[in-house]
Amino acid sequence: YANLYNSGSWLYRAAVDRIAIDCFRRGYKWVADNDDISKIELVQKRHQIVDKKQQALQLARLDGEGYLYFDDGGKADKELTIETAGDLRFVNVIRGNSLSKLEKDNDPLSLYYGQPKMYRFGNIDVHPSRICRFVANRDPSTGDGVLTLQIVAEIIQKTNCTRDHIVDLVGEARIDVIKTPGLMDAVSDDEGREAMQRKVETTAGMKTNLAILLMDKEEDYEQKSSSFATLPDILESMRREVSAALEIPHAVLFGREGGLGTNGEMELVTYRDTIATMQKTMVEPACELLDALTVKTATGRVPDGTIYLEWLPLKQPTETEMQEIGDKIATRHKTLIDAGFEREVLEGPTVNALVEAGVAPGLEESWADWLKGGKSTEDDNEEGDI
C-alpha cells in the first residue's frame with residue numbers, strides 16, 4: 001500500500017492526506033492570558049509541534065498508527081508525569097515500522113491499559129507516557145489501527161480503471177474503415193506491405209490537411225463512431241462511491257459540487273463535523289501530555305485548567321454573518337436589560353459572547369482593563385448597550 005501512496009494516482013494520496021490536512025487546516029488557538037499565549041506559541045513554533053502532529057496523523061492513516069516521541073531529558077523507559085517533567089527538549093515523528101511494541105498492558109486498572117508496556121526503538125525501551133499514539137480506523141476488537149488504503153484501495157482502483165477505459169475510448173471515437181479488395185494478397189510480401197503503408201499514410205494526410213479522401217473505385221469506405229452518452233454518469237457514480245468510502249465530500253475531493261439542491265452543503269456540514277470529532281476524540285487525547293508539557297515549558301507552571309486549546313472550525317463566517325451575530329448578541333443584551341436584568345450581571349457574559357464569536361477580538365482584555373480602572377458614576381447610571 002505504501003507503493004500505491006508513493007506511485008499511484010492522486011486519489012491514493014488524497015485518501016491518506018486530505019482528512020489529516022483538514023484537521024490542521026485551521027488548527028487551534030490557545031485560551032490564556034496574552035503573555036502566556038505568546039510564550040506557548042513560541043515553544044510550539046520552536047519544536048514545530050503543530051506540523052509534526054499533522055505528520056503523525058498522516059502516518060496513522062497511511063500505516064494504521066503514527067507516533068510522536070517527546071523528550072524532557074529524563075530516562076526514556078521511566079513514566080513521565082507533568083508534575084515531575086523537565087522542559088520540553090524536542091519532538092520527533094516516528095513511523096510504525098521504526099518501533100516495535102512489547103508486551104501489552106492487560107491490567108484493566110492501569111492508566112495504560114491496552115497499550116504496550118514499552119515501545120522499543122532499536123535497543124532503547126520507551127515508556128508509553130512519552131509517546132503520542134495516533135490510531136486511524138481503529139479495530140474495535142484489538143484497538144490497533146488499520147491502513148486506510150487497505151479499506152479503500154479496491155474502489156479507487158476500479159474508478160481509475162473506469163476513467164482510463166473512457167480515455168481510451170476517446171481515441172477510438174471515430175474509426176475509418178476502408179474495405180480493400182485483395183488486401184491479404186497485396187500485403188503478402190515486403191514490397192506490397194510498404195506500398196500499402198504509403199497508400200494509407202498518403203490517404204490520411206490528404207484527409208487531414210485537405211479534407212479530401214482518395215480511394216480506389218473498388219474500395220468501400222465507412223466511418224464508425226462511438227457514443228459517450230452514458231459514460232459521464234458511470235464515472236460520476238464511481239466517483240461518488242469513492243467519496244463515500246473516503247468520507248470526503250464530492251465537492252472537496254473532486255473540486256466541484258456533485259448533485260443538486262442542498263445535498264452538497266449537507267455533505268460539507270457532515271464532513272466538518274467528522275473533522276471536529278476527530279480533533280476532539282483522536283488528536284487532542286493523544287497529545288494531552290505533550291500539550292501540557294508545552295504549556296509548562298512556556299509558562300513555568302503546571303497547567304491547572306485555566307489554559308487550554310480550542311479548535312478553530314473549518315467553516316468561517318463571512319463578514320455579513322459576523323455582523324449579524326454581533327447584532328444578535330447586542331440585541332439580546334439590550335432586551336434583557338429592558339426586561340429588568342442588572343446591567344453589571346449581563347456585561348461580562350455579553351463581552352465573552354462577542355469575543356468567543358470572533359466579533360470583537362481584544363474586547364475582553366479592554367474590558368478587564370476598564371474594570372480595573374473603575375466605573376464612573378455616570379457610566380453606572382447609564383442604561384442600554386455596553
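Ala, Val, Leu, Ile, Met, Phe, Trp, Tyr, Cys and Pro count here as nonpolar, Asp, Glu, Lys and Arg as charged, and the others, Gly among them, as polar. On that scheme, the lining of the second largest pocket comprises 21 nonpolar, seven polar and six charged residues. The structure is a predicted model.

The second largest pocket holds about 950 Å³ of space. Its lining numbers 34 residues. E284, P285, A286, E288 and L289 lie nearest the pocket centre.

Strand β10 is joined to β1 (residues 28–31) by four bridges. The two strands run antiparallel.

Salt bridges were counted next. The total comes to 20. One network links E65, K101, R133 and D144. Within it, the side chains of K101 and E65 meet at 2.9 Å, N to O. K101 lies in strand β4 (residues 100–101) and E65 in strand β2 (residues 65–71), so this pair ties together parts that are 36 residues apart in sequence. K101 is partly exposed, at 35% relative accessibility. E65 is buried, with a relative accessible area of 6%. E65 also forms a salt bridge with R133, where the closest N and O atoms are 2.8 Å apart. This second pair links distant parts of the chain, with E65 in strand β2 and R133 in strand β7, 68 residues apart. R133 is buried as well, with a relative accessible area of 15%.

A further salt bridge lies within a helix. The side chains of D338 and K334 meet at 3.1 Å, N to O. Both residues belong to helix α12 (residues 319–338). They are four residues apart, about one turn of the helix. D338 counts as exposed, at 56% relative accessibility. K334 is partly exposed, with a relative accessible area of 38%.

The structure holds zero disulfides. For C287, the closest cysteine sulfur is that of C132, at 4.3 Å. A disulfide requires the two sulfur atoms to be within 2.5 Å, so the C287 and C132 sulfurs are too far apart for a bond. C287 is buried, at 1% relative accessibility. C161, by contrast, counts as partly exposed, at 36%.

Backbone geometry was then examined. Q48 has a positive phi, near 55 degrees, in a residue other than glycine. Q48 sits in the loop between α3 (34–47) and α4 (49–63). Its relative accessible area is 47%, and Q48 is partly exposed. N137 is not a glycine either, yet its phi is positive, at about 50 degrees. N137 is found in the loop between β7 and α5 (148–171). N137 is partly exposed, with a relative accessible area of 30%.

D220 and I178 are 42 residues apart in sequence. Their C-alpha atoms are 5.6 Å apart in space. D220 is partly exposed, with a relative accessible area of 40%.

Technical notes
Residues are numbered from 1 along each chain as its sequence is written. This is a predicted model: local features need pLDDT of at least 70, side-chain atom pairs count only at pLDDT 80 or more; totals for chains, interfaces and linings use all residues. Side-chain values use heavy atoms; hydrogens and water are left out. On a 1 Å grid over the protein atoms alone, a cavity is a set of points where a 1.4 Å probe fits but cannot get out, and a pocket is an open set with protein on both sides within 12 Å along at least five of seven lines; lining residues have an atom within 4 Å of a point. Grid points are joined across faces, edges and corners, and a volume is the space filled by probe spheres set on the points. Buried means under 20% relative accessible area, exposed over 50%, partly exposed in between (1.4 Å probe, protein chains only). Two strands pair if DSSP finds at least two bridges between them. A salt bridge is a side-chain nitrogen of Lys or Arg within 4 Å of a carboxyl oxygen of Asp or Glu.
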